[in-house]
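I am opening a page for this structure. The entries below record what I looked up, element by element.

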Amino acid sequence: MRKSTLIHLIKIVKCLEEAEGGWLWPTEIAKRCDIHRTTVVRLIDSRLSNFVDEETVGPTNIRMFKLKPGVNVEGIVKYLSVKEKLDAATKKGK
């Protein structure tokens, strides 16, 4: 994983932690973290989907996100590092 991706993930998780269980729009997360909105949505979908609750609002399918209870930055970073090692080991074995 690239260093910039990890930094973005940590910023997003900290932003969601600061919301204290409240729902945030992707645009609001992007503004608070100074990351492009598309990047926020892509990272949540690809890397954080296990740790984030998602709600779709209204007929326009606007999405909102919040951290699941009991999730913290340290746990997510630990999970991602283990996942990276497993993925690397799997690629070597092929």
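**Entry: Gly21 and conventions**

I looked up Gly21 and found it in the loop between H1 and H2. Helices (H or I, at least four residues) and strands (E, at least two) are DSSP runs, numbered from the N terminus. I note that this is a predicted model, in which local features need pLDDT of at least 70 and side-chain atom pairs count only at pLDDT 80 or more, while totals for chains, interfaces and linings use all residues. Residues are numbered from 1 along each chain as its sequence is written, and side-chain values use heavy atoms, with hydrogens and water left out.

Gly21 has a relative accessible area of 45%, so I list it as partly exposed. Buried means under 20% relative accessible area, exposed over 50%, and partly exposed in between (1.4 Å probe, protein chains only). From Gly21 to Arg32 I count 11 residues in sequence and 16 Å in space, C-alpha to C-alpha.

**Entry: helix H1**

I checked the length of H1, residues 3–18. The expected span is 1.5 Å times one less than the number of residues.

Which residues of H1 are buried? I find Thr5, Leu9, Ile12, Val13, Cys15 and Leu16. Seen down the axis, these buried residues fall within an arc of 160°, so they line one face of H1. The arc is that of the directions from the helix axis to the C-beta atoms. Exposed Lys3 and Glu18 are on the face of H1 turned away from the buried side. Glu20 follows H1 and has a positive phi, near 55°.

**Entry: helix H2**

In H2 I list Pro26, Ile29, Ala30 and Cys33 as buried. They cover an arc of only 100° around the axis, which puts them on the same side of H2. The buried residues of H2 pack against H1, H3 and E2, contact being heavy atoms within 4.5 Å. Just after H2, Asp34 takes a positive phi of about 60°.

**Entry: nonpolar core**

A nonpolar core is a set of buried Ala, Val, Leu, Ile, Met, Phe, Trp, Tyr and Cys residues joined through side-chain atoms within 4.5 Å. The largest has 21 residues, of which Ile12, Leu16, Ile29, Val40, Ile44, Leu48 and Val52 touch the most other members. At least two residues of this core come from each of H1, H2 (26–33), H3 (37–46), E2 (62–67) and H4 (73–93). H1 gives the most, with 5 residues.

I also looked up Leu48, which touches Leu9, Ile12, Val13, Leu43 and Ile76, leaving out residues up to four places away in sequence.

**Entry: strands E1 and E2**

E1 (residues 52–57) and E2 run antiparallel and are joined by 6 bridges; two strands pair if DSSP finds at least two bridges between them. Asp53 has Lys66 in E2 as its bridge partner, and Glu54 stands opposite Phe65 in E2. The hairpin has 4 residues between the strands, and Gly58 takes a positive phi near 65° there.

**Entry: aromatic rings**

Rings of Phe, Tyr and Trp (its six-membered ring) pair if their centres lie within 6.5 Å; planes under 30 degrees apart count as stacked, over 60 as edge-to-face and the rest as tilted. By this rule I get 1 aromatic pair. The ring centres of Phe51 and Tyr79 are 5.2 Å apart and the planes are at 75°, so the pair is edge-to-face. Phe51 lies in the loop between H3 and E1 and Tyr79 in H4, so the pair ties together parts 28 residues apart in sequence. Phe51 is buried at 13% relative accessible area, whereas Tyr79 is partly exposed at 33%.
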